Amino acid sequence: MDPLDVSRAELYRDDTWHAPFRELRATAPVHRVEDSDFGPYWSISSYKPIVEVESLPDAYSSARGISITDFIEDHSAVKMPMFIAMDRPKHTGQRRTVAPAFTPSEMVRMSDNIRRRTGEILDSLPVGQAFDWVDTVSIELTTQMLAILFDFPWEDRRKLTFWSDWAGDIEVVKSETLRAERLTHMYECGAYFQKLWDAKVGKDPTPDLISMMIHSDAMREMDHLEFLGNLILLIVGGNDTTRNTMSAIAYGLDKFPDARTQLENDPSLIPNTVQEVIRWQTPLAHMRRTSTRDMELHGQHIAAGDKLIMWYLSANRDESVFEDADRIQVDRPNARRHLAFGHGIHRCVGARLAELQIATLLEEMAKRRMRVNVIAEPERVAACFVHGYKKLPVEISRY
Ligand code: HEM
């Protein structure tokens, strides 16, 4: 076993990934792992080579998958085409169908709603009493947001969380039973969205993602499975990621109380803090590319067909870019340079919405002079893809 195989789930469950990545960055930023639970792969762990890979999308393809897992061709799997896992030119057309939902003017349109719902949740929190921040705040806020984006039936919104958790759990690939169970849930998700779709076809456009997709030009060339795949992409893309950043706000600021006090004293630091917490957390630890031809990368020979794992989590700790990178510094001058949203043609299409939600949470907390105190270590997600928290016990106080 390679001690520098950073795909091992326990590194994330136990939060012990820092040391192996530090060693990889120092000694082998482009490192070949011959044997892992996910087969052989190249581990790309520092900033520059990741940017290089993302800047050459024709040489390093997304079409063979975007996570370290490989597609298993059996009865427990169905291929759902999503534009995150497509190359040009198909990617370009399909991305265009959803991009209008995330323009600055759309953000302005949504911002009052986001603020009101964030305030309602914060006002409902018990003061001086323990509760789980992940479920009560992070999941609830993120799920409400997705329900609004999709015009999804409000009372059923937790289904979105449930489907997303299944879709994003890469550990599922290790068990045929779990893969089959996941497929059942994905079919259920598909059937549900089919009903929502049917109700909107032939009607006037409404400002939600389903209607936007129905009325877009590229949609005419999209088959049914593609429509479903892209919807699931939006649910998963907008769910775990924003959720885990919201949890990192509570956990990370409690871990660095000086930074928290600085922010409490100067709310103008909120926009920079949003970027800094996203950098520090890096809610998606990696994305994957597959080489389409023989390439040279950082002095290594990459063969056609090789799997490359770009560890954003490690790039965002790269000491040559971020000084004292393990710390949260709310006034870090280059916090915006993080790679947590990726880089290049696949850079996160929902980044503005995520930033808006997270900034609104910090602003509404500041308005209420609300401080979140962590009262026990979190339970973490045991996987090398979604990097986050399952439970985070906290108590609220005022400053
Ligand atoms: C793509 C991270 C929030 C939807 C991505 C990528 C990353 C990422 C790393 C892939 C970039 C690449 O391959 O270069 C994040 C993080 C978020 C977040 C850290 C929150 C802090 C959201 C939200 C949505 C969303 C709120 C939508 C509701 C998508 C979609 C793609 C994507 C559709 C595919 C883009 C493409 O392939 O062109 N995101 N994301 N994400 N994200 Fe996000």
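Modeller: Let's settle a term: helices (H or I, at least four residues) and strands (E, at least two) are DSSP runs, numbered from the N terminus. This is a predicted model, where local features need pLDDT of at least 70 and side-chain atom pairs count only at pLDDT 80 or more, while totals for chains, interfaces and linings use all residues. Residues are numbered from 1 along each chain as its sequence is written, and side-chain values use heavy atoms, with hydrogens and water left out.

Colleague: How many residues surround the ligand?

Modeller: A residue is near a molecule if one of its heavy atoms lies within 4 Å of it. Glu54, His91, Arg95, His346 and Cys348 are the closest. The whole group around the ligand comes to 29 residues.

Colleague: How far is a ligand oxygen from an N or O atom in the side chain of Glu54?

Modeller: Think polar contacts, meaning a pair of N or O atoms within 3.5 Å; within protein, one must be able to donate a hydrogen and the other to accept it, and residues adjacent in sequence count only if both atoms are side-chain atoms. Tyr312 has a polar side-chain atom 3.5 Å from a ligand oxygen, and for Arg95 that distance is 2.7 Å. For Glu54, it's 2.5 Å.

Colleague: Which element gives the most residues to the shell?

Modeller: Those giving two or more are helix 4 (90-98), helix 10 (224-255) and strand 5 (286-291). With seven residues, the top contributor is helix 10.

Colleague: How many charged residues does the shell have?

Modeller: Ala, Val, Leu, Ile, Met, Phe, Trp, Tyr, Cys and Pro count as nonpolar, Asp, Glu, Lys and Arg as charged, and the others, Gly among them, as polar. The shell has 16 nonpolar and 10 polar residues. Its charged residues number three.
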